[in-house]
Amino acid sequence: MKKKLGQNFLRNADISQKIVELSDFDPLIKILEIGPGDGALTDMLIKLSSNLSLLEYDSDLILPLKNKYKKYNFEIINDDARTYKINSNSKTNIIGNLPYYASNIIIRNFMFQKPVNSMVFTVQKEVGAQIVAGNGKKSYLSLLIQSYCEVKELLIIKNTEFFPVPKVDSMTVKITPKAIANNPKYNDFIRKSFSNPRKKILNSISMGLSLSSEEVKALLSFSNIDENLRPQHLSLGDWKNLYEKFKNL
Ligand code: SAM
C-alpha cells in the first residue's frame, strides 16, 4: 500500500455498510466514489445503486478494480480528485473514505461544483470536528464550508478499523451544498481575518487585512461584535454581517 497516497483501507464491512446507510443517498441519483482503493465502500454501494462511477488516483489499483467489478457496468476513472471536474449536468452524490493528505482540497474542489447534490466523506477526526464545529470553535475551514453547505456528523470510526492503522481516529461527515454561489472575495476576507486565530478579533482582522485599529474598531462596533473576542467565537451570522460592512469601507 502507498503511504504517500493516504492508503489506509477500511477493514470492517459493518462500518462500510453503516456509512452507506447513514449517507441516506437517493438510489436514483448518480454516485461518484472517491478513492475506492480495494473496494471496501464500493462493495456496499453496488447494493444501493448501479449508477456508480469510481475515481481513483493510483493507476496500479485501476486494473484490480476493473477485474473485481467486471460484471458491473460502471465507469472507473483514473484521475486526481483534487482537480477533477464533473463533466455532466446530472445531479451527483459523492462519497469517499478520503486520503488524509488531500481531504481538505478534495472537499473544496467539489463543494462548488454545480452537479454536486451531497457529499459523505470520512476524514481525520480533527478535520471532521472543524467541519461540523459549532460557535466558539470555528476555524477558517468551518466557516468556509458552513457558509456554503449544511454539515452533519454521521459517525466516529476508530483508527484500528483501518489497515495500515493510521495515527488518529476518523469521522464521517455529510456536507450538503446550499446552492449559494462561490464568492472568492468573501472567502478571502474570512481567510485573512483568521490569519492570527489566537489573537483578539480586533488584532487578527487588522493584521490579516492590513487595516488600521480604528477602521476595525468601527467595523466591529457597526456589527455589534465585542472586539475582545477571538475569531473562533464569532458565529456564521457575525462573519456575514462583518463582511457586508467591510465591503462598504
Ligand atoms: N475506499 C477505500 C477504503 O475505504 O478502504 C480506500 C480509502 S483510502 C483512505 C484513500 C484512497 O484514495 C486510496 O485508494 C488512494 O489511492 C486514493 N487516493 C489518494 N489520493 C487520491 C486523489 N488525489 N484522488 C483520488 N483518489 C486518491
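Q: Which backbone atom of Ala-81 lies 2.9 Å from a nitrogen atom of the ligand?
A: A backbone N or O atom of Ala-81. That is a polar contact, meaning a pair of N or O atoms within 3.5 Å.

Q: How much of the ligand does the protein cover?
A: The protein covers 99% of the 600 Å² of accessible area that the ligand has on its own. Areas come from the Shrake-Rupley method with a 1.4 Å probe.

Q: What should I know about the model?
A: The model is predicted: local features need pLDDT of at least 70, side-chain atom pairs need 80 or more, and totals for chains, interfaces and linings use all residues. Residues are numbered from 1 along each chain, and side-chain values use heavy atoms, without hydrogens or water.

Q: Back to the ligand. What do Gln-7 and Asp-80 do there?
A: A polar side-chain atom of Gln-7 is 2.8 Å from a ligand oxygen atom. An N or O atom in the side chain of Asp-80 is 2.8 Å from a ligand nitrogen atom.

Q: How many residues surround the ligand?
A: There are 23, and the closest include Glu-56 and Tyr-101. Near means a heavy atom within 4 Å.

Q: New topic. Where is Asp-24?
A: Asp-24 is in the loop between α1 (13-23) and β2 (30-34). Helices (H or I, at least four residues) and strands (E, at least two) are DSSP runs, numbered from the N terminus.

Q: Why does Asp-24 count as exposed?
A: Because its relative accessibility is 62%, and exposed means over 50%, buried under 20%, partly exposed in between (1.4 Å probe, protein chains only).

Notes: Polar contact = N/O pair within 3.5 Å; in protein donor to acceptor, adjacent residues only side chain to side chain.
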